[in-house]
Amino acid sequence: MTAATATAAAPTRRGATARLRGIAAQGPLFTGAVVVLVLLTLMAIFAPLIAPYDPNAIDLGNSLAGSSADHLLGTDQSGRDVLSRLIFGARTGLLGPLLVVVISTVIGIALGIVAAWRGGWVDSFLSRTMDAMFAFPAMLLAILCVAMFDAGLTAPVIAMTVAYSPYVGRYVRSVAVQEKARPYIESYRVQGWSGWVICTKHLLPNIVPSVLAQSTINFGYALMELAGLSFLGFGVQPPTADWGTMVNEGQSAIMKDAFMPGLAPCFAIIVAVVAFGIVGEGISDRVAKREK
Amino acid sequence: MVRYISGRVLGLVLVLLVTSFVVFSAVHLAPGDPVTFLMRGRPITPQTRAAVTEQYHLDDPFFTQYFKWLGDVLTGDFGRSVQFRQDVGHLIGDKLPTTLWLIGYSMVLICVFGIGLGIISALKPGIVDRTVLIGTGVSTATPAFASGLVLIAVFSRMLGWFPSYGSGSEDGFGGRIQHLTLPAIALALTFTGLLARVTRAAMLDELGREHVEVARSRGVAGGEVVRKHVLRNALGPIVTVIGTMVAGLLVSTSIVETVFSTDGVGSLLIRSVTNKDFPVVQALTLLIVAVFVIVNLIVDLLQPLIDPRLSLTQSTKRRGAS
């Protein structure tokens with residue numbers, strides 16, 4: 001993400017420090033959001049090294065303990081360390097949306113470019129189909145899939161990918177149509193390059209930054225919806241530590257006036273989604289400035 | 001005009017047909033044979049097998065099955081709920097009022113606060129605008145289950161102002177309002193932020209136009225300029241966004257109703273998925289998609305009334321662009 005931002009701003013190769021300076025130039029909010037995302041990613045990757053306890057270590061004698069030096073965020077009903085579960089929860093919390101966003105972006109780019117490049121009936125068929133699919137909210141499709149198959153990360157991720165692809169596709173199509181109208185595309189065509197080469201070598205690299213901005217924002221939405229599905233018991237299954245399932249398990253703790261097990265993962269989700277939103281909008285601002 | 005409307009209605013029917021086909025064929029797509037799928041986890045006696053076969057016309061060829069099932073659905077017969085041993089239509093009918101109250105209540109909150117905050121934010125640049133922007137940024141990033149949980153923790157557990165569960169349907173209007181206030185806020189929060197942002201953008205767009213400047217220089221009072229010249233013209237995108245929110249609201253209701261144990265259609269959907277009660281899932285999926293496409297058609301047809309300069313075909317183009 002960050003690497004692409006930097007390359008988007010400057011076509012020439014730049015060193016790591018210059019890239020960092022480029023991120024800082026976007027303003028403190030953007031910098032902060034990038035830092036948050038980097039930290040979250042590191043947290044997910046190195047969870048076993050950072051987490052103070054085993055996220056699944058049950059200690060029933062220490063149920064719903066408050067915040068202390070031993071357990072910074074306290075423990076849940078089964079006496080599991082909330083902080084450790086929060087750190088491990090970043091893994092499934094980020095992996096699910098990552099899959100959804102990467103796959104739906106690839107499918108969306110393919111659909112959008114084909115629609116924009118071919119035009120005519122191909123375009124109207126693809127566009128109409130994508131529009132019709134908006135009637136099916138991602139969450140509803142995921143719920144239907146869980147009802148058909150079994151709960152777990154697979155069915156929701158596939159359903160959400162199917163539901164997100166038309167959004168990316170419609171966006172890519174609108175950007176690609178504008179790009180296709182530019183003179184350089186026509187001049188490549190006159191020189192006899194094939195449509196495939198023009199699309200993959202010239203059109204695609206030029207629309208990637210704006211698509212990336214959109215996908216970053218989608219990442220936040222996907223995270224929110226997948227966490228919602230896990231909360232409902234349809235996504236990641238307990239006892240795996242996941243932010244959504246932690247909220248679900250934390251709900252009964254709230255009825256016992258122990259707020260931390262439920263509210264800590266809520267906070268983590270909100271912070272992550274806000275950060276993805278800020279970074280996404282930051283990238284799209286940058287792209288808009290470059291276009292001018 | 002007539003041609004446009006009939007075209008749109010045709011498109012709507014097509015979407016509903018495809019949806020019903022997807023929802024129907026799900027029974028066959030799911031692993032295992034249809035009867036075992038529909039009766040998952042329950043003992044299958046020859047009688048129940050016969051009943052399910054009869055309900056889904058499983059002895060017929062696939063497409064005949066679909067059309068017979070569709071015929072049943074169109075006459076309001078969605079089959080029997082496996083978990084409640086009750087007619088699906090009746091079951092949904094019983095729970096629908098609570099959900100409608102909830103959605104209506106939060107729709108009022110969304111419109112009042114969303115449009116209100118958007119207007120304030122557009123008219124008062126600087127600290128007010130920035131505060132609203134940050135607030136809406138956070139609220140759009142807050143999933144309904146998180147806001148629900150925070151509301152329960154603060155207003156129900158710590159302050160004890162509102163009950164944390166139930167629908168209050170037995171206690172009349174007051175009971176409903178008392179029980180549904182927290183769920184309605186939880187449901188409204190995300191969408192309020194979204195609507196405030198859209199309102200703000202639409203207002204700013206209009207504020208920068210020449211006709212506003214002209215009205216001001218003619219000495220039209222500030223409030224009147226905002227009401228009659230700015231807000232009036234900004235209404236198009238606002239109404240469009242409210243229309244597209246309906247699907248999200250219907251789906252989020254299931255989360256909010258689950259958090260607050262409200263006995264509505266949303267929690268019924270979730271419970272039916274958990275208990276593998278597929279006829280109910282089918283009926284509710286169809287219902288949600290149907291409500292969504294119908295509301296969006298109405299919103300599109302309303303556009304020329306809101307802005308007489310737009311013809312119907314233009315308004316769809318504008319929708320596509322926004």
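Guide: For chain B, an unreviewed UniProt entry lists "transmembrane region" at residues 100-120, 132-156, 176-196, 234-260 and 280-302; UniProt positions are given in the numbering used here, feature names are shortened, and annotations may be inferred rather than shown by experiment. The model is predicted, with local features requiring pLDDT of at least 70 and side-chain atom pairs counted only at pLDDT 80 or more, while totals for chains, interfaces and linings use all residues. Residues are numbered from 1 along each chain as its sequence is written, and chains are lettered from A and ligands numbered from 1 in the order in which they are written.

Residues 176-196 of chain B are 100% helix and 0% strand, with end C-alpha atoms 27 Å apart. Residues 280-302 of chain B are likewise 100% helix and 0% strand, and their end C-alpha atoms lie 33 Å apart. Helices (H or I, at least four residues) and strands (E, at least two) are DSSP runs, numbered from the N terminus.

Chain B as a whole contains 13 helices and two strands, and its C-alpha trace spans about 80 × 60 × 35 Å along the principal axes. Of its 322 residues, 38% count as buried, a residue being buried if 20 or more other C-beta atoms lie within 10 Å of its own, exposed if 12 or fewer, and partly exposed in between, with C-beta atoms placed from the backbone. Among contacts in chain B with a separation of 6 or more, 68% are between residues 24 or more positions apart; two residues are in contact if their C-beta atoms, placed from the backbone, lie within 7 Å.

Helix 1 (residues 2-29) of chain B packs against helix 4 (residues 62-74) of chain B at an angle of about 115 degrees, the axes being 11 Å apart. Axes are lines fitted to C-alpha atoms, for helices over the stretch in contact, and angles run from 0 to 180 degrees between N-to-C directions. Helix 1 of chain B is therefore roughly perpendicular to helix 4 of chain B, given that 65 to 115 degrees counts as roughly perpendicular, under 35 as roughly parallel, over 145 as roughly antiparallel and the rest as oblique. Helix 1 of chain B contributes Ser20(B), Phe21(B) and Phe24(B) to the contact, and helix 4 of chain B contributes Tyr66(B), Trp69(B), Leu70(B) and Val73(B). By class, this contact has six nonpolar, one polar and no charged residues; Ala, Val, Leu, Ile, Met, Phe, Trp, Tyr, Cys and Pro count as nonpolar, Asp, Glu, Lys and Arg as charged, and the others, Gly among them, as polar.

Chain B also meets chain A, with 35 residues of chain B in contact with 33 residues of chain A. On the side of chain A that touches chain B, the elements giving two or more residues are helix 7 (138-148), helix 10 (195-231), helix 11 (243-255) and helix 12 (260-291) of chain A. Helix 12 of chain A gives the most, with eight residues. That side of chain A has 26 nonpolar, six polar and one charged residues.

Chain A itself has twelve helices and zero strands. Of the 292 residues of chain A, 49% count as buried. The unreviewed UniProt entry places "transmembrane region" at residues 29-51, 94-117, 138-164 and 262-283 of chain A. Residues 29-51 of chain A are 91% helix and 0% strand, with end C-alpha atoms 28 Å apart. For residues 138-164 of chain A the figures are 81% helix and 0% strand, and the end C-alpha atoms are 7 Å apart.
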